[in-house]
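Subject: Structure handover

Hello,

Here is the structure I promised. Please open it first, then read my notes below.

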Amino acid sequence: MRGFLLITVMILTLLIGGVMLNLFQQSIRQRFQSQAFLESQILFQELNGAAAQAHIYLLKLTPNQLQENPPVLESTVFVEGFKDWSGSVKNAGSDLLVTLRSPADSGGVNFLLLLKNADNASGNEFLQSDGVLILDN
């Protein structure tokens with residue numbers, strides 16, 4: 001009788017331990033997924049801010065300046081909090097292709113922003129805010 005009781009207690013202990021281990025693993029996995037999701041959301045919000053600042057900077061330049069000598073987007077283009085962002089601009093036909101580089105602590109990922117030339121004839125509306133954002137890894 002004592003042997004049967006001992007085996008039953010050991011089996012119950014193993015089952016309860018296995019269930020607790022499984023719950024613990026799921027909790028850790030969920031915590032890592034939540035952290036990764038939050039980090040990607042923060043990066044996306046920073047990207048939106050950096051893209052808006054680059055767009056505002058490029059609007060200050062004339063279409064001829066943009067087409068003849070595309071600027072390099074250095075930290076001076078971005079406001080405080082975005083100083084680690086950088087970028088470059090190159091012509092893509094009549095449009096502009098802006099490459100924004102995230103800070104090293106965010107992975108140093110490059111993002112491409114296509115700014116369409118809405119009015120090829122006059123160049124007055126060279127940069128429209130309805131650009132297409134392309135994520136490139």
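A polar contact here is a pair of N or O atoms within 3.5 Å; within protein, one must be able to donate a hydrogen and the other to accept it, and residues adjacent in sequence count only if both atoms are side-chain atoms. This is a predicted model, where local features need pLDDT of at least 70, side-chain atom pairs count only at pLDDT 80 or more, and totals for chains, interfaces and linings use all residues. Residues are numbered from 1 along each chain as its sequence is written, and side-chain values use heavy atoms, with hydrogens and water left out.

**S102**

The side chain of S102 makes two such contacts. One is to the backbone nitrogen of G108, at 3.4 Å. Another is to the backbone nitrogen of V109, at 2.9 Å. S102 sits in the loop between β3 (95-101) and β4 (110-115). Helices (H or I, at least four residues) and strands (E, at least two) are DSSP runs, numbered from the N terminus. S102 has a relative accessible area of 6%, so it is buried (under 20%; exposed is over 50%, partly exposed in between; 1.4 Å probe, protein chains only). Beyond its neighbours within four places in sequence, S102 is in contact (heavy atoms within 4.5 Å) with L43, W85, G107, G108, V109 and F111.

**Strands**

The protein has two helices and five strands. Their order along the sequence is α-α-β-β-β-β-β. Strands pair if DSSP finds at least two bridges between them. β1 (residues 72-73) and β2 (residues 86-92) run antiparallel, joined by two bridges. V72 stands opposite S88 in β2. β2 and β3 also run antiparallel, with seven bridges. S86 has R101 in β3 as its bridge partner. The hairpin of β2 and β3 has two residues between the strands, and G93 takes a positive phi near 70° there.

**Surface**

I7, I11, L12, L15, I16 and M20 make a nonpolar patch of about 610 Å². L15 lies in helix α1 (residues 2-59). L15 is exposed because its relative accessibility is 53%. Across the protein, 26% of the 137 residues are buried.

Best wishes

Note on methods
Patch = residues over 30% accessible without salt bridge, like charges linked within 9 Å, V, L, I, M, F, W, Y side chains within 5 Å. Areas by Shrake-Rupley, 256 points an atom, 1.4 Å probe, with all protein chains shown as cover. Salt bridge = Lys/Arg side-chain N within 4 Å of Asp/Glu carboxyl O.
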